[in-house]
Amino acid sequence: MNNSTTIRPSVALHQWRPLFWEPVAGTGERLMIGVVYNFDGEWNASRVIRDDVIAALYGQVAANGAIRLLEFGLSLFLASAKASGSLIGMSGQMSGLHAGELRSTEASSKAELLRIASLLYSSLASLDKFDEIDDADAPLSEEVTKRFSTEIKDRVVQVRPDLQKYFGCTAILFPGGE
């Protein structure tokens with residue numbers, strides 16, 4: 001009979017909140033774009049949504065502005081956490097981002113904490129960033145966007161050939177915009 005006991009080393013709990021973005025205001029559809037967290041007394045905010053996802057939503061050129069907007073929102077939540085020294089009272093929205101539920105997670109590294117947050121809330125996260133996998137295997141965002149738009153066009157035109165003339169043209173969605 002084996003009476004040996006395995007003792008797990010103590011791993012600290014780290015508080016964090018997922019941060020959500022509602023790309024189309026008023027729809028209620030939110031994407032997890034990042035995490036604000038405290039790891040071993042150090043405050044951080046990290047964007048986890050992949051660049052190619054943002055490029056697929058807005059196009060390659062507009063994606064840069066959207067990424068800057070998201071990074072700015074993350075910096076606001078980080079500054080709020082640092083100023084208050086806590087994530088407990090953080091709620092509501094800043095710069096279009098919404099704070100999610102306060103969570104505490106056992107993690108032995110920042111990468112592990114971000115991986116756990118991403119696995120819980122986001123299928124659009126860049127998990128390979130946390131594993132330091134070589135980017136040579138990942139498709140380029142422009143290739144992904146082109147492939148996505150081509151596949152959508154082909155499927156639509158197959159079902160509704162009369163709609164082909166509407167692909168590849170611009171449309172005014174609101175005054176002063178496209």
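# Reading a predicted model: helix ends, cores and ring pairs

Modeller: Start where a helix ends: helix 1 is followed by Gly59, whose phi is positive, near 90 degrees. This is a predicted model.

Colleague: How does the span of helix 2 relate to the expected value?

Modeller: Helix 2 covers residues 60-84, 25 residues in total. From first C-alpha to last it reaches 37 Å, close to the 36 Å expected at 1.5 Å a residue.

Colleague: Which residues of helix 2 are buried?

Modeller: The cut-off for buried is under 20% relative accessible area. In helix 2 the buried residues are Ala63, Ala66, Ile67, Leu70, Gly73, Leu74, Phe77, Leu78 and Ala81. Among the elements that cover them are strand 1 (13-21), strand 2 (31-39), strand 3 (42-47) and helix 1 (51-58). Strand 4 (93-94) and strand 5 (97-99) are also included in that cover. Helix 1 has buried residues as well, namely Asp52, Val53, Ile54 and Ala55.

Colleague: Which residues touch the most other members of the largest nonpolar core?

Modeller: That core has 22 residues, and Ile33, Ile49, Ile54, Leu70 and Met90 touch the most other members. At least two residues of this core come from each of strand 1, strand 2, helix 1, helix 2 and strand 5. Helix 2 gives the largest share of this core, eight residues.

Colleague: What is Ile33 in contact with, leaving aside its neighbours within four places in sequence?

Modeller: Ile33 is in contact with Leu19, Trp21, Ser46, Arg47, Val48, Ile49, Leu70, Leu74 and Leu97, with those neighbours left aside.

Colleague: What about Tyr166, buried or exposed?

Modeller: Tyr166 is exposed, because its relative accessible area is 52% and the cut-off for exposed is over 50%. Tyr166 lies in the segment after helix 5 (141-159). The C-alpha atoms of Tyr166 and Lys153 are separated by 9.8 Å, with the two residues 13 apart along the chain.

Colleague: How many aromatic pairs does the structure hold?

Modeller: It holds three. One of them joins Trp16 and Tyr121, edge-to-face, with 6.0 Å centre to centre and 85 degrees between the planes. That pair links distant parts of the chain, with Trp16 in strand 1 and Tyr121 in helix 3 (residues 110-121), 105 residues apart. Trp16 is buried, at 0% relative accessible area, whereas Tyr121 counts as partly exposed at 27%.

Colleague: Why is the pair of Phe20 and Tyr121 classed as edge-to-face?

Modeller: Planes over 60 degrees apart count as edge-to-face. The planes of Phe20 and Tyr121 are at 70 degrees, so the pair is edge-to-face, and the ring centres lie 5.7 Å apart. This pair too links distant parts of the chain: Phe20 in strand 1 and Tyr121 in helix 3, 101 residues apart. Phe20 counts as buried at 14% relative accessibility. Ring pairs link Trp16, Phe20 and Tyr121 into a cluster.

Technical notes: Residues are numbered from 1 along each chain as its sequence is written. This is a predicted model: local features need pLDDT of at least 70, side-chain atom pairs count only at pLDDT 80 or more; totals for chains, interfaces and linings use all residues. Side-chain values use heavy atoms; hydrogens and water are left out. Helices (H or I, at least four residues) and strands (E, at least two) are DSSP runs, numbered from the N terminus. Buried means under 20% relative accessible area, exposed over 50%, partly exposed in between (1.4 Å probe, protein chains only). The expected span of a helix is 1.5 Å times one less than its number of residues. Contact means heavy atoms within 4.5 Å. A nonpolar core is a set of buried Ala, Val, Leu, Ile, Met, Phe, Trp, Tyr and Cys residues joined through side-chain atoms within 4.5 Å. Rings of Phe, Tyr and Trp (its six-membered ring) pair if their centres lie within 6.5 Å; planes under 30 degrees apart count as stacked, over 60 as edge-to-face and the rest as tilted.
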